[in-house]
Protein chains: 6
Amino acid sequence: MNTVVLTDPPRPPRDVVEAFAGFGVATVHEAMGRVGSLGPDLTPIQQGVRIAGTAVTALCWPGDNLMVHAAVEQCGPGDVLVVATAAPSVHGMFGELFATALARRGVAGLVIDAGVRDTADLRAMGFPVWSRHVCAQGAVKATAGSVNLPVVIAGQVVDAGDVIVADDDGVVRVPRSGAAGALVASRARVAKEEASREAFAGGELGLDRYGLRGLLRDLGVVYRTHEEYYSSQEG
Amino acid sequence: MNTVVLTDPPRPPRDVVEAFAGFGVATVHEAMGRVGSLGPDLTPIQQGVRIAGTAVTALCWPGDNLMVHAAVEQCGPGDVLVVATAAPSVHGMFGELFATALARRGVAGLVIDAGVRDTADLRAMGFPVWSRHVCAQGAVKATAGSVNLPVVIAGQVVDAGDVIVADDDGVVRVPRSGAAGALVASRARVAKEEASREAFAGGELGLDRYGLRGLLRDLGVVYRTHEEYYSSQEG
Amino acid sequence: MNTVVLTDPPRPPRDVVEAFAGFGVATVHEAMGRVGSLGPDLTPIQQGVRIAGTAVTALCWPGDNLMVHAAVEQCGPGDVLVVATAAPSVHGMFGELFATALARRGVAGLVIDAGVRDTADLRAMGFPVWSRHVCAQGAVKATAGSVNLPVVIAGQVVDAGDVIVADDDGVVRVPRSGAAGALVASRARVAKEEASREAFAGGELGLDRYGLRGLLRDLGVVYRTHEEYYSSQEG
Amino acid sequence: MNTVVLTDPPRPPRDVVEAFAGFGVATVHEAMGRVGSLGPDLTPIQQGVRIAGTAVTALCWPGDNLMVHAAVEQCGPGDVLVVATAAPSVHGMFGELFATALARRGVAGLVIDAGVRDTADLRAMGFPVWSRHVCAQGAVKATAGSVNLPVVIAGQVVDAGDVIVADDDGVVRVPRSGAAGALVASRARVAKEEASREAFAGGELGLDRYGLRGLLRDLGVVYRTHEEYYSSQEG
Amino acid sequence: MNTVVLTDPPRPPRDVVEAFAGFGVATVHEAMGRVGSLGPDLTPIQQGVRIAGTAVTALCWPGDNLMVHAAVEQCGPGDVLVVATAAPSVHGMFGELFATALARRGVAGLVIDAGVRDTADLRAMGFPVWSRHVCAQGAVKATAGSVNLPVVIAGQVVDAGDVIVADDDGVVRVPRSGAAGALVASRARVAKEEASREAFAGGELGLDRYGLRGLLRDLGVVYRTHEEYYSSQEG
Amino acid sequence: MNTVVLTDPPRPPRDVVEAFAGFGVATVHEAMGRVGSLGPDLTPIQQGVRIAGTAVTALCWPGDNLMVHAAVEQCGPGDVLVVATAAPSVHGMFGELFATALARRGVAGLVIDAGVRDTADLRAMGFPVWSRHVCAQGAVKATAGSVNLPVVIAGQVVDAGDVIVADDDGVVRVPRSGAAGALVASRARVAKEEASREAFAGGELGLDRYGLRGLLRDLGVVYRTHEEYYSSQEG
């Protein structure tokens, strides 16, 4: 592995980043053209919390949190610490002491593709976490890795300075260079969804609203009554 | 795949269906002779909610929710939408806009053997969901499937008009034709369990209540004190 | 399988066992030198509850809870029932009737490497459970196993009379003979963590507190600014 | 569970069944309109073997092969024994002694949604097996189930008398009533594939042969040279 | 973790150990009363090989093979190296160089609850391996563990000096103190199986040979013809 | 998803690419500093084959192989087709007809993070494949994706023109720009391994060759005889 700590990664403007907290993860993901989801296996340890911040990334050896210590120093207000491992790991590599240090630095939360522990304490102190595992088993501090190089989680590359949005639906990554555009697209999508919501609440069907009846017909979908269908089957 | 939409499936009497909401999923499953459980992998996104309704089924291509749109139109008051996919899928194929449309139609909830998203919104609006995944990644609308043909989830066949009961323990399916009988059996089981509950609260043991001491003996189970056992091991 | 029920296993002094409830699972695990965690797959069905008690163990055939009935009789005040199966099992092998019997006997909770059901009822009655699955599908009572012999869960041997501590982070096992020592070590660790917590809240870094800067250097970790690093890459 | 053994299930004509052995599992699956695959988790213990036969089904309790014994008696020449369990099971529920009994009865092979053992012996005696697990751990004979009722494996219903085709790609199920039609469709598909094979061997592209260039265009797919694309990105 | 290397563990007599190579893993497992199987997830990288030897155990940190180096020195002729990790690991922690060193020392093979690599070379040099993963990703040498303390794999405790038998069905562990007895039981089982094999080859049914017809009746299993059953269902 | 097909990606010099076929995947991975492994879940459908080639990448919708058709046209002699999906997919998205087309174009093999089928035919025709699943269930051709944009498999970014090396140990990716350097490093590593092999075959220990005895001592590892250790435990 590359063993380097990168300092001072570029970050998008603060107001752009914070504006993402107004949108759900699903909305942002959709607005970007359906990319960036970190998948169903990173789940929140709390419910009803949404954060948006800039990624500080750490790549660790499985079961080894040495580089998390190095990453803490690189974190500042509004950052989200994003921890990946060089191979799958269930270890609780992060707990309440780390959260105390990060909270002091104004960090918005943690996304970790491994385990966490002290989850009751983390909830009590209001430090939001999305993780792959909850596990009491701790980590060693023996092997080098990197900070602020790109990491990959669930098939998505996350680079330092990317925007991370996380809520009950999981985590989405917005590339730093595309943050402003994704914000515009998210706003547009919300407006469009609001119109659809009203239509659906009023009884309109997606079949009509999205013009899907013709598509169904073209794909050969036919309508039969239950009775017709099963009586013809038996004939 | 068969590409047909069946309309007007027969449904059991409304009062029969609604009566199931008075029983837990485990009770109904047990009362039917231990069949119908949709297994441990369909979990509720909310806690403390129980629903009972009639299935409207949809079979979709993985990552494609075209047939969910077609299914919405077939749903009415008291129905439960049941969505299966032709192969495993983690996609969030259902979200708050679909729930808005279904709530307007009086639908009781969703059971989906794939992913959902907008879970915070779904909880906020009180639309109950049991799913295999929570995932922000959305679906396309490109491939045909079926509505109201039998689908299979976790090894159970679910047909249109079957009764679906779901709570914190998961989901159970009651065949349409067996609904009235299952209701009678569920009532009997609850009465029997109430008697057992009182007995156990009073200190009686299952060993005695269910006559298991003889079975243990027949199976060769012997009782030893901890001390006897380990001293004889060493001898 | 060995088919024996051991009665009267030795238990550590009551006050020692109860004192463990003052420490988190992660703390106890750490204090013992990082052993004893039952891993990330045994999760609580409730939130914010911590228990400590002495293990009564049962080994069952998959999908068969006959030996749970035998184990109930061996349980007394302050015990934790620990159920393992001879091979992986998703069945809901334990529910509210068992919990009624155990609560009556003063049992602190259940740890089961299989499924449970009636989870809403279990939460309502305040009986704490850590399980691998939640599943409505019940068990039979047909095959013999053992009670109070050592069982293995997640690679940890759990013997009758061992101390079990469980909270939101999972479950840890303290060997009976090491309970007093683990208690002393847990107290020492809490004191040490309290000092670290204050230091981190005051802005000190783990890099400095744990003397990791030298280790990073020895391992060849270098610091570069983001700009330096990428401009040198392109050169 | 239903505890019944059905004898004398109807079987399709012998020559129809045997003719399926001339087609690969993928071909039959495709010819039926892409249904019936028993999925990627049932794998052969041998390589390069293909069988076709009629299903005799058994539903067992996990880790319990009592009903396999009952099923053996229902098997005759050209049958394939298909074993499912009421919940997931890793046990080696079938081994060389069962195979000896089945081989004597002219049975074509075994499909089991659980474990097998004695695999070296099974390969040596040429008895073909598709299983979910290989595991030395054996089963008990304690709990009732059914024989020749429909079972579900990997989301597919398999009924007694259905045709089972299995090869290195896995297992496919052809419904008894559709066997003759599936055979005709398989023959047609093989002819069509032969034409495609020649075309592809001659250099024709699927894009042209299947008319996909227009579809790509309609879906908005554009072609760029690598150089154009990345130089425009940087601009 | 305990960080100790134990030298000179007691081993059962050489002729006892070697005699186990005459029995299959399933036979030994069965003969011991169905315990000791290391489960379906440890698979051989070769086919048709069976070994029996005495365990030298190593407990490693995930992705770290330092203690494998320490363990090599403790291995002698007829030993089997058994490697476990403190948490799940996919790393290829063992390859052809280790095998060269072990082969030189007369070691019979490797059982590892993690990954291996150089599998083509290992097969070519005839060094047998059972592993959980095959993975090219290598390990570091940074964290301490133990050699010849008991380790746990798939819920089985393996201690130094235990007998390990491995073949195409997986791996089984025979406790050192029970080796002689297990050998006697294995011989008896083989004789019994030989008799059953002849009976089954001659057409006898397990239903009759094991007296299961009465059990089926007692459990309420009824026999119906397919036609009777379905005509009564419709009535 | 981005819907673009990139043509004419830059490729490393042919002789550099082909030289990689002389090294095992584990060697190349190690030589690059332990990066680039595509993990344990991509397994070969054949045994004893090694390929090296340049990546042509395709990103498909799950269960949809439209973009594989588009990718075939971009493949030439010495290329390796690398297929990823936008979410996990078990479908057999590739079979013998595709292989016929690719073989005609001189393509070295396929790496696919989804399923394949026709595996017996693929082995018979000698077209090498590494896949995540083998599954008879086919794909549709309905949704757009990309060709020759970077894809991510098992946490590794694979870009068009990267070098792919695959053998029995799995798959490794060498970045296009680093190919020449990785080749030099691989040669150096092979030389070093050859020296170690001779040393180990001659009886030298890794403990001595790599100077690990001091490290063990520094980490607190102590040596005890088995007898000493257990007698002191009991004292």
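This is a predicted model: local features need pLDDT of at least 70, side-chain atom pairs count only at pLDDT 80 or more; totals for chains, interfaces and linings use all residues.
**Ground rules.** I number residues from 1 along each chain as its sequence is written, with chains lettered from A and ligands numbered from 1 in the order in which they are written. Local features need pLDDT of at least 70, side-chain atom pairs count only at pLDDT 80 or more, and totals for chains, interfaces and linings use all residues; side-chain values use heavy atoms, with hydrogens and water left out.

I superposed the copies by least squares on the C-alpha atoms of residues with pLDDT of at least 70 in both.

**Entry 2, extent of the B–C contact.** I took contact as heavy atoms within 4.5 Å. Chain B gives 37 residues to the contact and chain C gives 45 residues. I took buried area as the accessible area (1.4 Å probe) that two parts lose on being put together, summed over both. For B and C this comes to about 3400 Å², with 59% from carbon and sulfur atoms. B:P40, B:D169 and B:H226 supply 18% of the area that chain B buries against chain C, more than any other three residues.

I counted a salt bridge where a side-chain nitrogen of Lys or Arg is within 4 Å of a carboxyl oxygen of Asp or Glu. There are 4 salt bridges between chain B and chain C. In one of them, B:R213 pairs with C:E73, the closest N and O atoms being 2.8 Å apart.

Helices (H or I, at least four residues) and strands (E, at least two) are DSSP runs, numbered from the N terminus. Elements giving two or more residues to the side of chain B that touches chain C include α2 (25-31), α6 (179-201) and β12 (222-225). The largest share, 6 residues, comes from α6(B). I then looked at B:R189, which lies in helix α6 of chain B. Leaving out residues up to four places away in sequence, B:R189 touches B:T27, B:E30, B:A31 and C:R117.

I called two strands paired if DSSP finds at least two bridges between them. β12(B) and strand β1 (residues 4-7) of chain C run parallel and are joined by 4 bridges. B:V222 stands opposite C:V4.

Chain E can be laid on chain F by a turn of 120° and a shift of 0.0 Å along the axis, with an RMSD of 0.0 Å. The contact takes 46 residues from chain E and 37 residues from chain F. The pair buries about 3400 Å², 60% of it on carbon and sulfur atoms. I found 4 salt bridges between chain E and chain F; one of these joins F:R197 to E:E96 (2.3 Å, N to O). β1(E) pairs with strand β12 (residues 222-225) of chain F in the parallel sense over 4 bridges, and the bridge partner of E:V4 is F:V222.

Which chain pairs lack a contact? No contact joins chain B and chain E, whose closest C-alpha atoms lie 11 Å apart. No contact joins chain C and chain F either, with closest C-alpha atoms 11 Å apart.
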